[in-house]
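Subject: Structure for your files

Hello,

Please read the notes with the model open.

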Amino acid sequence: MKEQQNILITGGAGFIGSHVVRLFVEKYPHLHIFNLDALTYAGNLENLKDIEAKPNYNFLKADITDRSAVFKLFKEYEFDSVVHLAAESHVDRSIKDPSVFVKTNITGTLNLMDAALKCWEKDFKNKLFYHISTDEVYGSLGAKGLFRENSPYKPNSPYAASKAASDHFVRAYGETYNLPYIISNCSNNYGPNQFPEKLIPLFINNIIQQKPLPVYGNGNYTRDWLFVLDHARAIDLIFQKGKLKSTYNIGGFNEWKNIDLVKLLCKIMDKKLNRSAVSAEKLIEFVKDRPGHDKRYAIDASKINKELGWQPSVSFKEGLEQTVAWYLSNKEWLERVSSGDYREYYKRWYVEN
Ligand code: NAD
Ligand code: TYD
């Protein structure tokens, strides 16, 4: 028997993953946390500078699509549990190049599960494969209704389809090979360290630079926003107490139309930047819509609330203020991540599209 449990967190250098890694490293000094990440454009070890020297933390640079590398790591470290966040995560990129989403999100997930099965050799005591997924697998809602754990899957973007496929494989591995799994499907996250291609950090970055704010279509699309630390807390609770072979929906009880959210963000930024004379709202431009754009997402998070006592703790206004403050005091981070590949992407998607 090993003295210490080894926990593998994949995608820990990314946005949500870095908050989960920090929470686990700080909360569980008796667990050894391994952060496996390929450091794609979205992965950044700067996100974890404050905890990188902790004795219970290790970084493993590896690509989950590299099957033999994944098997080798499982053999070497005998991970007891996996919290799997590594993924290609941006809808617009999936529209331009779906194939990398298939490779990372589906094949990568399979590689991890196969390696876990081999390592655990059918002794599943205290083992867990926890797959982090999205509400986008359910497709789009009309004006009414909420996504529940038993809502049918109807993904509309290549990103959502790849996550839906990975969810199905995880469930199928549970049924077929008895893999002890849990899946959670969360709504849109926001907060510090999010790559500035997603709506909120992209618009914060553009407001700082006084660049246009490209609102897709008429801006009447609705998302349910959750502060990233509340998601990390939910992941921790599910990791500790979630029921095996089940799924949990996680959401913010916080629906916003894009245009209303953007106007609120402009107000907060005007105040922080002392630019109220000419509001950032002037930068809003309605641009060509995203193909297959989902109209509305909204989560019924009552199962996790009832079973595990989780609920969001940060109000949207408070969370947005904190997020804006973080980006304003981390302008170098923003500049560094928005160079190179990002500029190329921005040009292809927003200028040439
Ligand atoms: P992100 O794009 O910020 O980070 C993804 C991380 O995965 C990066 O560190 C990247 O380097 C790593 N990665 C990518 N491909 C890899 C590979 N082949 N091998 C190893 N590492 C690889 O993503 P995020 O927004 O933090 O999302 C994390 C997870 O949560 C994803 O699975 C996503 O589907 C899910 N999710 C995200 C949201 C959201 O609003 N951002 C909401 C619900 C669920
Ligand atoms: P995004 O942050 O990409 O998350 P998702 O597509 O996973 O929900 O987008 C959030 C919403 O904002 C979505 O309705 C698309 C819209 N959006 C814009 O209007 N303009 C933009 O430049 C981006 C990136 C998103």
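Helices (H or I, at least four residues) and strands (E, at least two) are DSSP runs, numbered from the N terminus. In helix 10 (residues 316-328), glutamate 321 and lysine 317 sit four residues apart, about one turn of the helix.

This is a predicted model, in which local features need pLDDT of at least 70 and side-chain atom pairs count only at pLDDT 80 or more, while totals for chains, interfaces and linings use all residues. Residues are numbered from 1 along each chain as its sequence is written, chains are lettered from A and ligands numbered from 1 in the order in which they are written, and side-chain values use heavy atoms, with hydrogens and water left out.

Salt bridges

A salt bridge here is a side-chain nitrogen of Lys or Arg within 4 Å of a carboxyl oxygen of Asp or Glu. By this rule the count is 13.

Glutamate 321 and lysine 317 form one of them, with their closest N and O atoms 3.2 Å apart. Relative accessible area is 24% for glutamate 321, which is partly exposed, and 48% for lysine 317, also partly exposed (buried means under 20%, exposed over 50%, partly exposed in between, with a 1.4 Å probe and protein chains only). Through shared partners, salt bridges join Lys272, Lys317 and Glu321 into one network.

Arginine 233 pairs with aspartate 230, the closest N and O atoms being 2.4 Å apart. Both belong to helix 7 (residues 228-241), and because they are three residues apart, about one helical turn separates them. Arginine 233 is partly exposed at 32%, whereas aspartate 230 is buried at 0%.

Arginine 22 and aspartate 50 form another salt bridge, at 2.8 Å between the closest N and O atoms. This pair links distant parts of the chain: arginine 22 is in helix 1 and aspartate 50 in the loop between strand 2 and strand 3, 28 residues apart. Arginine 22 counts as buried, at 17% relative accessibility.

Asparagine 56

The loop between strand 2 (31-37) and strand 3 (57-61) also holds asparagine 56. With 5% relative accessibility, asparagine 56 is buried. Its side chain makes polar contacts (pairs of N or O atoms within 3.5 Å; within protein, one must be able to donate a hydrogen and the other to accept it, and residues adjacent in sequence count only if both atoms are side-chain atoms). Leaving aside residues up to four places away in sequence, asparagine 56 is in contact (heavy atoms within 4.5 Å) with Val25, Tyr28, Pro29, Leu31, His32 and Ile33.

Ligand 1

Which residues are the closest to ligand 1? They are Ile16, Asp37, Ser89, Tyr159 and Lys163, out of 29 that surround ligand 1 (a residue is near if one of its heavy atoms lies within 4 Å). Oxygen atoms of ligand 1 lie 2.8 Å from a polar backbone atom of isoleucine 16, 3.0 Å from a backbone N or O atom of threonine 40 and 2.9 Å from one of asparagine 189. Of the 840 Å² of accessible area that ligand 1 has on its own, the protein covers 96% (Shrake-Rupley method, 1.4 Å probe). Strand 5 gives the largest share of the shell, three residues.

Regards
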